[in-house]
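Let's take a walk through this model together, starting with charges and then moving on to rings. Have the sequence and the 3D view ready.

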Amino acid sequence: MDKKGDFMTMVGETMLYYMLYGMCWVMSLWPYKFLYFISDYILFPLLYTCIGYRRKIVHKNLFHAFPEMTDEERLVIEKQFYHFFCDYFFETIKLVSVSKKEMKRRMEMTGLDALNHAFEKKDMVIVYLGHYCNWEYVASLQWWMDDVQCAQLYSTLRQHAFDRLFLKIRSRFGGICIEKNRSLRQIMELKHKHQKTVIGFIADQGPRWPNIHLFLPFLHQDTAVFTGAERIAHKVDAAVFVANMSRPKRGYYHCEFVPISDKDVEYMEEFELTRLYMDHLEQQIKKCPYLWLWSHNRWRRQRTDSNAPEEWRATVKNGRPISDTPIKTHQ
């Protein structure tokens, strides 16, 4: 019975995938202007007004991130974010069939000379990104770099059909999608082959407690941060860049690849890379706040929580943090 149930589930998920892919492919053929019309007059009212998708989380995140702003100013950013989020949805669907010529017209990449120069000394380049602008467009980097393998880390989605759909979209440019739980092994394999590789790390989400090794002040809040990209950078002796993204106008993006520091990763202190990345991301968000993913429950884990590990609760004294890293306790 279990085998039959598993088989039927697999068939159902396969059918759902082909339905989703077919719908996305058809929609991807529609002109940008028509998709933006749907974004403005159908999806935005549905998402923002009717459903109120994650509005409480967005409101809370903006309130704590920009305490110096008035309620009216934060409300403007909130509405701008939802408009952009709707655009992001349709722009990502366009990736199903977008041509190389159209992609290069809408996504400008600069700093490629610096990336290529880094390969004169290193086999690996790690690029820090955030959920800022349309991060899906950065996967097209492979179309700009023919002699280098491009890769990106991803987290498996719970719904198999949607997971398969996003993998299809993200890999159609020729890059490798590396599942984050197997990332170190696959990256080490590329390293041992001396394969010149650019690997993108989106590292601005909230990690789970077992993966939290550092808290930093970020957007006026005590923030748990990912440090995995930094550990891998040290492990493979990579050159490290940040992707500085902007949106000159609707439907067009610019991504500049900039070295994160003049220092070689070998000579950096522990967590220095992570601190530099988070500082860069904060400055980027402040320049144009609505382009960040405010609907993510970024600050749901705090070291003052009752379920926080003892080693993290020990870092708080009189309601104030006394250490960015965990303090070992004897129980």
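This is a predicted model: local features need pLDDT of at least 70, side-chain atom pairs count only at pLDDT 80 or more; totals for chains, interfaces and linings use all residues.

Residues are numbered from 1 along each chain as its sequence is written, and side-chain values use heavy atoms, with hydrogens and water left out.

## Salt bridges

The structure holds 18 salt bridges.

| Salt bridge | Closest N and O atoms |
|---|---|
| E78 and R55 | 3.6 Å |
| K122 and D237 | 2.7 Å |
| D222 and R303 | 2.7 Å |

Start with E78 and R55, whose closest N and O atoms are 3.6 Å apart. This pair links distant parts of the chain, with E78 in helix α4 (residues 71-94) and R55 in helix α3 (residues 55-65), 23 residues apart. Helices and strands are DSSP runs numbered from the N terminus (H or I, at least four residues, for a helix; E, at least two, for a strand). E78 counts as buried at 4% relative accessibility, whereas R55, at 31%, counts as partly exposed. Buried means under 20% relative accessible area, exposed over 50%, and partly exposed in between (1.4 Å probe, protein chains only).

Next, K122 forms a salt bridge with D237. K122 sits in the loop between α6 (112-118) and β2 (124-129), and D237 in the loop between α9 (228-236) and β8 (239-249), so the pair ties together parts that are 115 residues apart in sequence. K122 is buried at 10% relative accessibility, while D237 is partly exposed at 30%.

Then there's the salt bridge between D222 and R303. D222 belongs to strand β7 (residues 221-224) and R303 to the loop between α10 and α11, and the two are 81 residues apart. With a relative accessibility of 22%, D222 is partly exposed; R303 is buried, at 2%.

## Aromatic rings

Now for the rings. How many aromatic pairs does a search of the whole structure find? It finds 24. Rings of Phe, Tyr and Trp (its six-membered ring) pair if their centres lie within 6.5 Å; planes under 30 degrees apart count as stacked, over 60 as edge-to-face and the rest as tilted.

Take F215 and W312: their ring centres are 4.7 Å apart and their planes are at 65 degrees, so the pair is edge-to-face. F215 lies in strand β6 (residues 215-218) and W312 in helix α11, so this pair ties together parts that are 97 residues apart in sequence. F215 is buried, with a relative accessible area of 0%, and W312 is buried with 0% too. The rings of W292 and W299 are also edge-to-face, because their planes are at 65 degrees, with centres 6.2 Å apart. Both W292 and W299 are buried.

There is an aromatic cluster to find as well, and its members include F44, Y48, Y53 and W135.

Notes: A salt bridge is a side-chain nitrogen of Lys or Arg within 4 Å of a carboxyl oxygen of Asp or Glu.
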